[in-house]
Amino acid sequence: MENRLGKKFRISNDIATCIAWPLFVLILTGCRVSSMTPVNAGLLIFAFAIVSYNIIKSESKDKTGRILAVITIAAVAVRTFYVLYTGAEQRQHDMGEFDTDLGNNYHAEYIEYLLENHRLLNANVIEHWQFYHPPLHHIICAVFFGIYRNIAPSMAHNWDALQTLSLIYSLVTLALARRFTELWNLSPEGKITAYLAVAMQPQLIVFAGAINNDPLSVMFAFAALYMTLLWMRDEKKSFIKLIGTSVFIGLGMMSKLSAGLVAVPVGFVMLKEFLASSKKAKMVWQYAVFLIVCAPLGLWYQIRSYILWKVPLTYVAVPDTVLNPGLVISGVPFWKRFFEFGEGVDYNIIYETLNAAVFDGDYYQEHMLLALIGYALLAAFSVFTVTVLANMIVCWIKERNIMNLIMTIFIVVEIASYISFCFKYPYTCTMSFRYIVPTLIAGAYYTGRSKAVSPHLLSLITTISVWALALISLVFHCLIWIKG
């Protein structure tokens, strides 16, 4: 009972910290480094010291716990710094510009439209580019900014404040990654490498300042899988945990439809537990409620768009190829999309995805220092990716258990969907790691398991690549502010 209460306290403490810290950063700085005074900077450092102490206290007092606490502190620090030097229109995807009429086509206008009109756009979403996305993220942004500008009227155009939400989502995702390591039967060293692989992954740092719908959808995908694993381990098969999973999947899909891919491994777990259960009648009605909750949450916006304008349920907006003809890569043979490399090759899915995972579309080649660090970061992430695949193969050879199967299903579904997406929409902008960020959970799992099952050399290379990736990523994201 005491252990259970302790876990509940730690989860509550995590959630409170994930919300309180970004709000404090907003109040003190407006999420802009330009607004900081020496006094504010001092207060921020002092408050972060308190947060750091809280993180250390929440972890166990052994060596592993202390290392995990230091990783968390560094991860929170670099995310916070990234938010402070990154504006609402810097390093973003499909944001457009705030306070600018661009014909209701971008995420910024989506948020502003909801903020000013308090209703969904009543027009064919096919004609309004990013408005085809389900609106949960944009609704949350509109409500949050509406409250913010009423409290602080002088900051009514400080759109950087919206990064408070992105930072919250990023920190919750980080906390979930930490909790995953407790479910995987990892050695102490395995926990450290598994967590570190996620905590300092460049794309997740960038998500801390991203104002589109990616960070929220990824957070809910992580939460859905985590809740599923808790439910699977629960001997009583808690109905609350099952419905929690349903809600998280539904909310993820209401943020971005692709978050629904997590339903595949979740569905596999549910099928497995159903076949093994002696109370099948009870599970049938529970699963029915699961579907009744999840489907309307996840699909109501797509159904609305189909009813009103016959928009296909899986519709994806395509870029303007008249204005951007260089985006088109149609007609490239299948094998070249994977195996052709070299100068001028911008259609290789493997290379472009690895690049996007590290640079998110900004390559920093005009800065010698950033370019050199960036190449080292790309090399570290590439080696790490190879070790994930190698460790997955070794895990299947040496141990065949349910967790291997769940994680393999998850990573295969995500990557298969992504490859299909790249061929269905043959544009350079389609090849982006941000579409498959949830695979990091499976990657972290196989990284952690390498300590127990992989040959010593492979385990050593895995560890070196993870630490190199983490340290270089930390340095890189503390320096890219110099580009502006």
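**Notes on helix packing and a surface patch**

1. Let's start with helix H4 (residues 107-117), which is mostly covered: of its 11 residues, 9 are buried. Please keep in mind as you read on that this is a predicted model.

2. Which residues of H4 are buried? They are His107, Ala108, Glu109, Tyr110, Ile111, Glu112, Tyr113, Leu114 and Leu115. As for their partners, the buried residues of H4 pack against helix H5 (136-151) and H12.

3. Have a look at what comes after H4, too: the helix is followed by His118, and the phi of His118 is positive, near 60°.

4. Helix H12, one of the partners of H4, spans residues 280-309 and contains Tyr306. Is Tyr306 buried, exposed or partly exposed? Tyr306 counts as partly exposed because its relative accessible area is 40%, and partly exposed covers the range between under 20% (buried) and over 50% (exposed).

5. Tyr306 also belongs to a nonpolar surface patch of about 470 Å², which it makes together with Ile303, Ile307, Leu308 and Leu313.

6. The crossing of H15 and H16 is left-handed. On the H15 side, the contact is made by Met392, Cys395 and Trp396; H16 contributes Asn404, Leu405, Thr408 and Ile411.

Definitions and conventions. Residues are numbered from 1 along each chain as its sequence is written. This is a predicted model: local features need pLDDT of at least 70, side-chain atom pairs count only at pLDDT 80 or more; totals for chains, interfaces and linings use all residues. Side-chain values use heavy atoms; hydrogens and water are left out. Patches are made of residues with over 30% relative accessible area and no salt bridge: like charges are joined within 9 Å, nonpolar side chains (Val, Leu, Ile, Met, Phe, Trp, Tyr) within 5 Å. Accessible areas come from the Shrake-Rupley method with a 1.4 Å probe; for residues, only the protein chains shown count as cover. A salt bridge is a side-chain nitrogen of Lys or Arg within 4 Å of a carboxyl oxygen of Asp or Glu. Helices (H or I, at least four residues) and strands (E, at least two) are DSSP runs, numbered from the N terminus. Buried means under 20% relative accessible area, exposed over 50%, partly exposed in between (1.4 Å probe, protein chains only). A crossing is left-handed if the near helix is turned anticlockwise from the far one by less than a right angle, and right-handed if clockwise. Contact means heavy atoms within 4.5 Å.
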